[in-house]
Amino acid sequence: MADVLYDKESDEAFRAYLSKGEIRLQCCSDCKGFRYPPRFACPHCLSRKWHWEKVSGEGVIETYLWYCQPVDPRFADVPYNVAVVRLAEGPAIYANITDAVLDDLKIGQPVWANIETRNGRPRLSFVRENPS
Amino acid sequence: MREQIWSKHDVAIVGVGTTRQGAHPGVSPYELALEAIEAALADAGIDDRTRIDGMITARQLDGSGIDPLDVSRLLGIAPRVTGYLDYGTGGFSNQYGAMLIATGVCDIVVCAFARNPPGALEAFSGAATYDADIGLVNAAAASAFGWTQHMARYGTDEATLGRVVVTARKFAAMNPIAAWQESLSLEEYLAQPYVIKPLRSLDIVKVTAGGVALIMARSDIARDLRKKPVYLHAVGRQQTPDIGEQDHFLCRGMRSAAAQVYGAAGMSPADIDVLLVSDASTVAIPLTLENYGFCEEGASANFIASGAIGPGGALPVNPHGGQLSEGYLVGWLHHAEMVRQLRGECGARQVPGAKVAQYTTTGRFREDYLSSIYVAD
Ligand SMILES: [Zn+2]
């Protein structure tokens, strides 16, 4: 992600909703398109008008990988996975599937959003078991 | 079809130089650059280096690389133009040089790259953080995402990647400057543990030190120099958006670069004698074979298993051993190899009768694509 696009204020707002138990994505107030990660302009119509819209939290695994050896000392707790999750609302998001053990993931598998706290910060992950 | 502004014989590559690749403890990248440039000047038969009026170099995301002004000072010359690209991998930097020649801004351009980052021969290249919250790190993750998807969709396997490494080592054994020349079996590959599953250590390039230089010239100048020129016929490029697009990691942007480069060159995959793929990971090779049309979608595993990409095969790929075996100068060494192959200078690893060579690369997290076609005189 180019730093110039990274919208820190919106990212914090995204996390503030997470800490209230809500998953909301930026939604363009003009063309109604969703976007993620947070940006100040709509990539579809360039509108600067947007609002936070609740999303279903449902997604599908588009692809995934497993870190089996630490390639970066900051992330030495292996194995862990990262998946590309395609949300029902359209955007794709990188996330950990936290209830999977090695070789437990499949492309096309449905996953559900899960809000957890790590290092004192709320963050979005996904699980394979429908929590509801 | 887009017309390319320069015609097929406007831009000639007239000289190449390379250092040994691997570890060079305590050697400055400028020493490596100077060694490569001197070799390229001698190769071209350019005695008067003040004739150089363009100097293009590159830096990488990790800060490694060389500055064009400093290199010019080192050579004691004052070119008309100096420039460098951030993240200047081989194809992009050489296109920059070619544009200076094709537009008449410069007559003779040196394109040079050298680096000596820490961890040579040991550390994985591609250190970058894409998402610190979830531990999405290292550029090889893009390849792992892509191959997971490829295996699921087409029923391919990890042995395909293993065969790519085994092939690269076969070629590297015939390349005296290669960092990894020892042979490797598929069994040895498969016995290795995963690093970023489905990738093993051998699938991911390691950092190496070395230098490389190419000299480009206008064709009328090229004809008076020592070696037969090699021509840069055409370049195709495509940028793609981030993961918002479907199948981002299957590198569909390659298809657009392919249409452009083949269209501008008036060629098709059948015309290519030798293919040079910027192999930051093994996955680049099967995805290139499919997306550029060397085989059908999903058929790269059989193509590779048939031996087609190896020594004596129908489409030798990376006869210098590629970055996986020769050394990782971000696609630059592939260009030196194309020139040498098209001149017939490669000894045991020479692709017989090679007249047309193609280079392909991807950049960043599968966001840039480039391909160029080089043709013998
Ligand atoms: Zn919009």
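Modeller: Gladly! The second largest cavity has a volume of about 40 Å³, where a volume is the space filled by probe spheres set on the grid points, joined across faces, edges and corners. This is a predicted model: local features need pLDDT of at least 70, side-chain atom pairs count only at pLDDT 80 or more, and totals for chains, interfaces and linings use all residues. Residues are numbered from 1 along each chain as its sequence is written, chains are lettered from A and ligands numbered from 1 in the order written, and side-chain values use heavy atoms, without hydrogens and water.

Colleague: Which residues line the second largest cavity?

Modeller: Among them are A:Ile23, A:Leu25, A:Glu58, A:Glu89 and A:Phe126. On a 1 Å grid over the protein atoms alone, a cavity is a set of points where a 1.4 Å probe fits but cannot get out, and lining residues have an atom within 4 Å of a point. By class, this lining has 7 nonpolar, 1 polar and 2 charged residues.

Colleague: Why is H8(B) called oblique to H9(B)?

Modeller: The axes of helix H8 (residues 253-265) of chain B and helix H9 (residues 284-291) of chain B cross at roughly 55 degrees and come within 9 Å. That makes H8(B) oblique to H9(B), because angles under 35 degrees count as roughly parallel, over 145 as roughly antiparallel, 65 to 115 as roughly perpendicular and the rest as oblique.

Colleague: Which residues of H8(B) meet H9(B)?

Modeller: B:Met254, B:Arg255 and B:Ala258 do, with contact meaning heavy atoms within 4.5 Å.

Note on methods
Axes are lines fitted to C-alpha atoms, for helices over the stretch in contact, and angles run from 0 to 180 degrees between N-to-C directions. Helices (H or I, at least four residues) and strands (E, at least two) are DSSP runs, numbered from the N terminus. On a 1 Å grid over the protein atoms alone, a cavity is a set of points where a 1.4 Å probe fits but cannot get out, and a pocket is an open set with protein on both sides within 12 Å along at least five of seven lines; lining residues have an atom within 4 Å of a point. Ala, Val, Leu, Ile, Met, Phe, Trp, Tyr, Cys and Pro count as nonpolar, Asp, Glu, Lys and Arg as charged, and the others, Gly among them, as polar.
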